[in-house]
Amino acid sequence: MKAADQYHIAIVTDDPEAKMLELSELLGYEWGEMMGGPTTVTVPSGDTTVDTTVELKAWYSLSEPRMEIVQSVPGSVWTPTEGSGIHHLGYWVDDVSAESAELTRRGYAVEAVGNWPDGTAYWAYHCSPSGPRIEIVSRNLKPVLDRYFETGKLSS
């Protein structure tokens, strides 16, 4: 993982529309359409992991630097953050499993993992011991998000 691979900063909020309006009025951000829906995630549970389904909704800015606004999901990792409001920093990586193992080795606990149907991880959240969460995302998704950033839509 490299600093140059950071592609967004995220805020989780109970009121995404109000937060997007605030950032638009204050900083001139423009937003793409909502992406998300029911998502199966793997989360730690004691000494094992479990799969659960959460309703994820997120909006990315079309302006740079990229912001992601995420609808809060009570009882999950997606809850608003006190203070700065920054929930996580998102980075592209080539190998989610390998980078996740390295983050874990460095003391960043796994909070949630998204897997492809074949079980391969395509994103993971790690809780930093002293700062915002780190989200690592498979670089294989970059072309899809690049199209979204250009059009504001999930499909063209």
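Me: How do you know that the radius of gyration of the chain agrees with a compact globule?
Reply: This is a predicted model. The rule is 2.2 Å times the number of residues to the power 0.38. For 156 residues that puts a compact globule near 15 Å, and the chain has 15 Å, so the two agree. Along the principal axes, the C-alpha atoms fill a box of roughly 45 × 35 × 30 Å.

Me: What share of the residues of the chain count as buried?
Reply: Of the 156 residues, 42% do. The cut-off is a relative accessible area under 20%. As for contacts between residues at least 6 apart in sequence, 62% join residues at least 24 apart.

Me: What makes up the secondary structure of the chain?
Reply: Three helices and eight strands. Along the sequence they follow β-α-β-β-β-β-α-β-β-β-α.

Me: Which order do the strands of the closed barrel take?
Reply: The eight strands run β1-β4-β3-β2-β6-β7-β8-β5, and the pairing is mixed. Direction ignored, neighbouring strands are turned by 30° against each other on average.

Me: Which helices pack on this sheet?
Reply: Helix α2, residues 96-105, touches β5, β6, β7 and β8. Its direction makes about 15° with that of β7. Helix α3, residues 142-151, also packs on the sheet, touching β1, β2, β3, β5 and β8. The direction of α3 makes about 25° with that of β3.

Me: Why are β1 and β4 called paired?
Reply: Pairing takes at least two bridges between two strands. Five bridges join β1 to β4, and these strands run parallel. In that pairing, Ile-9 stands opposite Met-67 in β4.

Me: How do you know that β3 pairs with β2 and with β4?
Reply: The threshold is again at least two bridges. There are 11 bridges between β2 and β3, which run antiparallel. Gly-36 has Lys-57 in β3 as its bridge partner. Between β3 and β4 there are three bridges, also antiparallel. Here Trp-59 has Ile-69 in β4 as its bridge partner. Both pairs therefore meet the definition of pairing.

Me: Why is Arg-66 called buried?
Reply: Buried means under 20% relative accessible area. Arg-66 has 13%, so the term applies. Arg-66 lies in the loop between β3 and β4.

Me: What does Arg-66 touch beyond four places in sequence?
Reply: Tyr-7, His-8, Ile-9, Ser-61 and Phe-149. His-8 is 58 residues away in sequence, but the two C-alpha atoms are 4.7 Å apart in space. The side chain of Arg-66 also reaches the backbone oxygen of Ser-61 at 3.5 Å.

Me: What makes Arg-133 buried?
Reply: The same cut-off of under 20%. Arg-133 has a relative accessible area of 16%, so it counts as buried. This arginine lies in strand β8.

Me: Which contacts does Arg-133 make?
Reply: Leaving out residues up to four places away, its contacts include Val-77, Thr-81, His-88, Glu-111 and Tyr-125. Glu-111 is 22 residues apart from Arg-133 along the chain, with 9.2 Å between their C-alpha atoms.

Me: Why do the side chains of Arg-133 and His-87 count as a polar contact?
Reply: The limit for a pair of N or O atoms is within 3.5 Å. The contact between these side chains is 3.2 Å, and therefore falls inside the limit.

Me: What makes up the largest nonpolar core?
Reply: It has 22 residues. Tyr-7, Tyr-60, Trp-78, Ala-112, Trp-123 and Leu-145 have the most contacts inside it. Two or more residues come from each of β1, β2, β3, β7 and α3. The largest share, four residues, is from β3.

Me: Which residues is Ala-112 in contact with, beyond four places in sequence?
Reply: Thr-42, Val-43, Val-77, Trp-78, Trp-123, Ala-124 and Tyr-125. Another core lies apart, with 10 residues, among them Tyr-91, Val-93, Val-96 and Val-113.

Notes. Residues are numbered from 1 along each chain as its sequence is written. This is a predicted model: local features need pLDDT of at least 70, side-chain atom pairs count only at pLDDT 80 or more; totals for chains, interfaces and linings use all residues. Side-chain values use heavy atoms; hydrogens and water are left out. Buried means under 20% relative accessible area, exposed over 50%, partly exposed in between (1.4 Å probe, protein chains only). Contact means heavy atoms within 4.5 Å. A polar contact is a pair of N or O atoms within 3.5 Å; within protein, one must be able to donate a hydrogen and the other to accept it, and residues adjacent in sequence count only if both atoms are side-chain atoms. Axes are lines fitted to C-alpha atoms, for helices over the stretch in contact, and angles run from 0 to 180 degrees between N-to-C directions. A nonpolar core is a set of buried Ala, Val, Leu, Ile, Met, Phe, Trp, Tyr and Cys residues joined through side-chain atoms within 4.5 Å.
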